[in-house]
Amino acid sequence: MRPAGRGDTDSLYFTYPHFDAPADRDALSNPAPIAIVGAGPIGMTAALGLAREGVRSVMFGAKPTFNEGSRAICIARSSLYIFERIGAVAPFLEKALGWTTGRSFYRGSQILEFEMPDSAQEKYRPMYNLQQQYIEQFLWDAVKRNPLIETRWQSTVEAAEDTPGGVRLKVQDPHGSYTIDAAYVLAADGARSQIRKMRGLRLKGENYEGRYVIADVQMPHDYPTIRRALFDPDCRRGATILIHKQPDNIWRIDYQLADGEDEAHAMNEGTVRASVTAVLTEIGYDGEWELEWWSIYSANTLALDDYRDGRIFFIGDSAHIVPIFGVRGLNNGLADAHNIAWKLAWVMQGKAGEALLDSYTPERRGATLDVFANATKSARFMTPPTRGWQVMRDAALNLALSHPFAGHLANPRQMTPYTYADSPIVVEDDASFSGGAPAGAILPDALIGDAHLSDHLGDAFSLIVFDQALAKAIDLPDVAVIVLDTGSKAAKILSAGPSSAYLVRPDLHIAARWFEATPEAIKSGLTHAIAGVERHDPK
Amino acid sequence: MTPSDLERVYGALAEHIDAVGPAKSELFLSKLALLTAREIGDARRVLTLLDEARLNIDAAD
Ligand SMILES: Cc1cc2nc3c(=O)[nH]c(=O)nc-3n(C[C@H](O)[C@H](O)[C@H](O)COP(=O)(O)OP(=O)(O)OC[C@H]3O[C@@H](n4cnc5c(N)ncnc54)[C@H](O)[C@@H]3O)c2cc1C
């Protein structure tokens, strides 16, 4: 919502673009290899991921512009790698505010300062703050210049029916209604997914009690980019408040509503202004501020049982709703898009077996369930569900005033990417390693001279080895071989011996690793990672 | 810990519970539990103690 007199997209600092519906009907392609329903951040990321693999797509967006309001603002390190892989990272690095530190306060006193893991070996900071409309803008800038993506705005998909070789969509736009056939469909149509409903599917899980108002204000507040959490503050006894800095002098204030508090009343402009004023007083800011946008949400952990329905794949909020503690709504969806994009492309191009697509649900739904487990832990601290949790939370906070160890119970443990250990296409981890990153995990980064390990990776699979002879014995299509020094920092981070090897997928997850690798093992590892298709050297 | 040591701790607990008052005694005891757990430094041992403290809890009805 926005203050009285301002429209949905009437922002203090951002100009929402206006997109027309396609006018030249004859120029619309039909059929399409892939149709993407929804032009939000996840749909656009999927389109870019497919285009990167050389696959064309048609993307439908119901509205004439981006999502209104700044919504998701925390972008995790792993998402920066995704933006890099799809050729969109530069504007993010220029505009977003990177951060590593969080501070928690109990009744006005600081009880915890935590640092998220970061070092010179890392290419990106653990977290970046950026309003969602910029996220969408930067993705759109990349989509717009990509000839493989055809975007149709103001185009609502109203039906999705199976055909022998794909799915037929019915599309409505201001000029009329038509059908289009696609071999596969990506449903990126958000939390209220119509595709999900049309297919008779339901999200399952739990709703939590806590409700939060999120308000963005513009003010020249002098404080570094540090996440602040206020527990039981004077301005709102019993509540938890989160404060985040964003670019353009915008500050995000999330405050918890009390149990009996009326939602409609809480959402009144006057109530929001009074609540924000009280928070600002609490943090010692008494200057000018302007109200930009506000909204309300409650914490849910909901997901589809299966992210795949025939030739339709659900990605982003259409597949799962996660609580925002731990900032995974958007980041989790970006990883969905990145995961399905290369798999779909490889299957369509005959480079991988059909079964590759069956790895999407276990990998990405597994990640969501992991998010749920972590979010449940955070929620218990942020919004204690029972008296027992409340008593212990209050004890921990109170004890933390004198004993910092207790403050660590308030550490939100921000997102660490999920390890696809149980995936059907990940080779069981080699137990001979005494460290490094296990099979299924995201490849850790490391400095190599002035560049990073991730800069050396190939476009498709990459094989990291530490022995020239082993490198020479490998000649597999779509596998870039990278030879590193056994004494290098990277070797140490990967706990690699002289004949070790890491096989890395296009989405930067480790497909397999061997402490003592042989060319045969590597070859069969690759076959496993692309679901059974034996690749022959084209030479 | 000698019987008289234990008696001293027992008495001090009683006095502290009285001093913080009924509204705060639960908070006080929970803080103490966290502090003591950390001193013991062995999560499994502490969890066993939790079970032991629960034994016969209804006999107090
Ligand atoms: C008010 C609000 C506040 C939020 N705050 C946070 C936050 O603080 N932190 C956080 O991590 N996350 C937050 N989120 C969640 C975050 O915004 C989402 O996780 C993210 O937008 C998901 O992206 P998506 O592309 O999956 O879906 P969406 O961004 O919802 O995009 C779906 C797109 O599909 C289009 N569409 C829908 N139906 C059709 C159809 N039938 N045909 C064609 N197009 C269609 C819509 O117009 C929309 O553009 C918030 C969400 C909301 C609504």
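**Figure 1. The interface between chain A and chain B.** In this predicted model, chain A and chain B together bury about 890 Å² at their interface, and carbon and sulfur atoms account for 75% of that area. On the chain A side, the residues that lose the most area to chain B are Asn398(A), Leu399(A) and Phe405(A), which together make up 48% of what that side buries. The contacts join eleven residues of chain A to seven residues of chain B.

**Figure 2. The second largest pocket, lined by residues of both chains.** The space in this pocket amounts to about 900 Å³. Its lining consists of 32 residues, of which Met392(A), Leu409(A), Ser30(B), Leu34(B) and Leu50(B) are the closest to the centre. Chain A supplies at least two lining residues from each of strand 13 (227-231), helix 9 (360-382) and helix 10 (387-400), and chain B does likewise from helix 2 (25-40) and helix 3 (43-54). By type, the lining comprises 21 nonpolar, six polar and five charged residues.

**Figure 3. The largest nonpolar core and the contacts of Leu169(A).** This core contains 128 residues; those that touch the most other members are Phe92(A), Leu169(A), Leu186(A), Phe461(A) and Ile464(A). Helix 8 (residues 329-348) of chain A provides the largest share of the core, with eleven residues. When residues up to four places away in sequence are not counted, Leu169(A) touches Ala35(A), Val37(A), Phe60(A), Val157(A), Ala159(A), Ala160(A), Tyr178(A), Thr179(A), Ile180(A) and Val185(A).

**Figure 4. Another core, apart from the largest one.** This core has 27 residues, including Cys74(A), Tyr212(A), Met382(A) and Ala395(A).

Conventions
Residues numbered from 1 in each chain as written. Chains lettered and ligands numbered in written order. Predicted model: local features only at pLDDT ≥ 70, side-chain atom pairs only at ≥ 80, totals over all residues. Heavy atoms only, no water. Core = buried A, V, L, I, M, F, W, Y, C linked by side-chain atoms within 4.5 Å. Buried < 20%, exposed > 50% of the residue type's maximum accessible area, 1.4 Å probe, protein only. Helix = DSSP H or I, 4+ residues; strand = E, 2+ residues; numbered from the N terminus. Contact = heavy atoms within 4.5 Å. 1 Å grid on protein atoms, 1.4 Å probe; cavity = no way out; pocket = protein on both sides within 12 Å on 5 of 7 lines; lining within 4 Å. Points joined across faces, edges and corners; volume = space filled by probe spheres on them. Nonpolar A, V, L, I, M, F, W, Y, C, P; charged D, E, K, R; others polar. Buried area = accessible area lost by both parts, 1.4 Å probe.
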